[in-house]
Amino acid sequence: YYQFTVGLAYLTRSFDVVENPMNMAISSGLNMYGNLKFTARYHFAGNSEIAAGFGFTHFSNGKMDTPNLGLNGFNASLGYNLQIVSPKQPKHISNSFGIISKHNCDIVVSAGVKVDDQATNSKYLISTAVVDYIFAPGPKYAFGLGSDIFYDQSLGPNVAEKGGMSYTQKDLFQLGMHIGLYARYNRIRITGHIGGYVLAPLYKYARIYSRIGMRYSISDKVFLNIALKAHYAIADYIEWGIGYSIK
């Protein structure tokens with residue numbers, strides 16, 4: 001089985017231009033925390049089982065401050081479980097939204113801010129528009145294909161100007177395509193995207209990007225969206241948005 005955890009963390013050692021100038025990973029005390037864990041269990045002798053697994057942990061402020069390479073950790077576990085009380089009959093939880101459509105189209109609009117230069121600490125506006133086609137063969141998992149339009153104000157001063165190039169507002173737009181995997185738990189959908197820029201006059205890290213996030217349904221059609229966009233293991237920014245689902 002697998003477990004996905006997201007929350008907040010406070011880290012006591014962060015970047016400081018005088019006291020801790022070599023820390024390029026964490027620049028703020030308050031950070032987002034994420035953990036993905038996979039575990040296998042082997043049941044034997046009626047009430048005993050052996051469990052083994054591995055996990056991945058990430059700390060980041062989502063580029064709300066910089067530098068922000070993030071902290072990544074891997075862990076492994078091995079354990080023995082002994083069941084001393086008979087388990088209760090599991091309770092069935094019905095789906096709040098009835099029958100799930102096999103074919104869906106999600107339209108998401110998001111915005112946010114990021115800091116891309118610790119010298120000036122300037123904050124830049126970013127926004128994203130996403131259109132996803134999602135195919136759900138069952139009630140829990142789905143697969144998708146989609147397109148992204150990104151607008152990133154930081155690309156002008158931190159990419160074009162540093163490279164000695166001139167730019168216009170249209171150069172701050174990027175067009176991308178992605179594939180997606182979705183896991184649904186009643187109102188919550190965990191989303192994972194891997195994509196590439198099809199059209200990007202300016203880009204900082206790489207032409208490949210990823211996104212992991214969550215969509216929370218507030219009605220049958222409207223949902224809230226939060227996602228972290230990254231290039232490889234380097235966080236770019238957090239997307240805060242709202243979406244509309246067409247079945």
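Strands are runs that DSSP assigns as E over at least two residues, while helices are runs of H or I over at least four residues, and both are numbered from the N terminus; two strands pair if DSSP finds at least two bridges between them. The structure above is a predicted model, in which local features need pLDDT of at least 70 and side-chain atom pairs count only at pLDDT 80 or more, whereas totals for chains, interfaces and linings use all residues. Residues are numbered from 1 along each chain as its sequence is written, and side-chain values use heavy atoms, with hydrogens and water left out.

**Exercise 1. Find how many bridges connect strands S9 and S10, and name the partner of His193.**

Solution. Strand S9 (residues 188-199) pairs with strand S10 (residues 208-217) over nine bridges, in the antiparallel sense. On that pairing, the partner of His193 in S10 is Arg211.

**Exercise 2. Decide whether Asp106 is buried or exposed, and list the polar contacts of its side chain.**

Solution. First locate Asp106, which lies in strand S5. Asp106 counts as buried because its relative accessibility is 0%, the classes being buried under 20% relative accessible area, exposed over 50% and partly exposed in between, with a 1.4 Å probe and protein chains only. Then look at its side chain, which makes a polar contact of 3.0 Å with the side chain of Arg215 and another, also listed at 3.0 Å, with the side chain of Ser245. A polar contact is a pair of N or O atoms within 3.5 Å; within protein, one must be able to donate a hydrogen and the other to accept it, and residues adjacent in sequence count only if both atoms are side-chain atoms. Lastly, with neighbours within four places in sequence left aside, the residues in contact with Asp106 (heavy atoms within 4.5 Å) include Val130, Arg189, Phe223 and Tyr244.

**Exercise 3. Work out why Gly7 counts as partly exposed, and which residues Gly7 touches.**

Solution. Gly7 belongs to strand S1. Its relative accessibility is 25%, and therefore Gly7 counts as partly exposed. Not counting residues up to four places away in sequence, Gly7 touches Asn31, Met32 and Tyr33. Between Gly7 and Tyr33 there are 26 residues of separation in sequence, yet their C-alpha atoms are 5.1 Å apart in space.
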